[in-house]
Amino acid sequence: MMYPLWFIVFLAHSLTSEAFLNSLNDHYGQFRSPKLCVSWDPNIFTIDRRHWINSIGTISTISWASVASSEIPEQRVVFVAGATGRSGQAVVEALYKMQQQQKVRVGVVGGVRNSIATLPGYVDSVIGIDLQDLDAREKMTEALEKEKVTDIICTIGFKPTYITSVDRVNAEAVDYRATVTLVKAAEMMEKPPRFLLISSLLTTAPEPRTTSYRLLNSLGEVLEQKKKAEAFLSSSKITYIILRPGVFVEQSQGNLIFAPKDRFIGDSVLDGRDLGPPVQCASPFFSSTGAVCGITRTQLGDAAVSLLFSKEGMLQENRTIEVVARPDLLSNKFI
């Protein structure tokens with residue numbers, strides 16, 4: 001039997017009204033009032049409700065599904081600061097790969113120092129602002145708002161010249177001051193985004209300093225600048241994750257270990273506790289410990305995107321996470 005359109009719309013409205021459900025609940029004693037989730041698409045209109053009223057029947061023009069309102073995906077737009085750098089490129093690739101594999105749509109905005117930089121075609125738009133400019137904070141806030149950015153992944157870092165005095169200036173200008181400018185710009189947005197900062201292992205390693213710390217910090221005292229940037233972000237009003245990789249390698253050295261702040265400091269005894277026997281690593285700063293290995297930039301990109309979009313990552317908000325690899329792991333794990 002065919003029903004006229006007005007009757008179908010009326011029935012749909014009735015079935016989704018709180019009064020109607022309450023009256024059924026009073027009569028049968030078995031119904032509750034789950035939240036109504038309405039998703040609008042130019043071509044499809046669906047009404048989703050977690051419970052189907054079995055005694056009523058079905059209507060072919062309405063889709064009923066077991067989807068809670070909190071599970072409906074929001075529109076996400078990710079701004080990748082430093083998108084033309086090696087780590088930034090890895091993050092952009094990871095975002096694209098996630099979209100292809102999981103069939104989700106995420107807007108990708110590349111952040112570059114100048115607008116003439118080229119990025120892959122699947123990057124939706126580019127923000128070309130030098131974070132060292134005097135008016136960078138105001139310009140960046142305006143640009144982030146215009147692009148409706150919901151998440152920021154900051155991959156910026158200075159490029160060493162191996163001239164001590166020059167590297168000190170550049171490390172402070174980029175790894176600290178430019179990062180702070182981006183955090184301030186995000187704070188000024190009407191709805192501040194989530195902020196994932198890619199930093200470094202050993203940034204807040206305790207005394208006495210290990211050989212690994214001294215070697216890495218010799219590059220412009222970069223760990224001290226990253227420490228200040230981390231402190232600024234963690235004291236801001238933004239929801240954040242600080243992700244600390246070690247020195248990067250070209251080939252994967254195994255699956256990943258995600259660990260809390262200062263879990264890995266380059267000490268063979270402390271780093272290796274509860275992880276198993278020593279392993280062979282190619283990473284120059286961690287091979288001496290025999291406990292953990294460095295990761296590839298591809299693994300870094302995957303880890304950053306996973307922390308932003310996975311349920312496990314949501315549990316790590318407002319925390320510092322360290323990431324290393326071990327060849328004897330069967331899968332990635334948190335410890």
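Trainee: How many cavities of 30 Å³ or more does a search of the whole structure find?

Mentor: In this predicted model, a search of the whole structure finds 3 cavities of 30 Å³ or more. The largest cavity has a volume of about 40 Å³.

Trainee: What lines the largest pocket, and which residues lie nearest its centre?

Mentor: There are 46 residues in the lining of the largest pocket, and those nearest its centre are Thr155, Ile156, Gly157, Phe158 and Lys159. The elements that give two or more residues to this lining are β3 (76-81), α3 (86-102), β4 (106-112), α5, α6, α7 (222-234) and α9 (297-309). The one that gives the most is α5, with 6 residues.

Trainee: How do you know that α5 has a span close to the one expected for a helix, and where is its kink centred?

Mentor: Helix α5 (residues 164-187) has 24 residues, and from its first C-alpha to its last it reaches 33 Å, which is close to the 34 Å expected at 1.5 Å a residue. The kink in α5 is about 30° and is centred on Arg177.

Trainee: How does α9 stand by the same test of span, and which of its residues are buried?

Mentor: Helix α9 has 13 residues and reaches 18 Å from its first C-alpha to its last, close to the 18 Å expected. Its buried residues are Gln299, Leu300, Gly301, Ala303, Ala304, Val305, Leu307 and Leu308.

Trainee: Why is Lys148 called exposed, and why is Leu202 called buried?

Mentor: Exposed means over 50% relative accessible area and buried means under 20%. Lys148 has a relative accessibility of 62%, so it counts as exposed, while Leu202, with a relative accessible area of 3%, is therefore buried.

Trainee: What is said of phi in Lys148 and in Leu202, and where do these residues lie?

Mentor: Lys148 has a positive phi of about 55° although it is not a glycine, and Lys148 lies in the loop between α4 (136-146) and β6 (151-154). Leu202, also a residue other than glycine, has a positive phi near 75°, and its place is in the loop between β7 and α6.

Trainee: What is the omega of the peptide bond from Glu207 to Pro208, and what is that bond called?

Mentor: The omega is near -5°, and the peptide bond from Glu207 to Pro208 is cis. Pro208 is placed in the loop between β7 (194-198) and α6 (211-217).

Trainee: For the protein chain as a whole, what share of the residues is buried, and how many helices and strands are there?

Mentor: Of the 335 residues in the protein chain, 48% are buried, and the chain has 10 helices and 11 strands.

Methods:
Residues are numbered from 1 along each chain as its sequence is written. This is a predicted model: local features need pLDDT of at least 70, side-chain atom pairs count only at pLDDT 80 or more; totals for chains, interfaces and linings use all residues. Side-chain values use heavy atoms; hydrogens and water are left out. Helices (H or I, at least four residues) and strands (E, at least two) are DSSP runs, numbered from the N terminus. The expected span of a helix is 1.5 Å times one less than its number of residues. The bend at a residue is the angle between axes fitted to the seven residues ending there and the seven starting there. Buried means under 20% relative accessible area, exposed over 50%, partly exposed in between (1.4 Å probe, protein chains only). On a 1 Å grid over the protein atoms alone, a cavity is a set of points where a 1.4 Å probe fits but cannot get out, and a pocket is an open set with protein on both sides within 12 Å along at least five of seven lines; lining residues have an atom within 4 Å of a point. Grid points are joined across faces, edges and corners, and a volume is the space filled by probe spheres set on the points.
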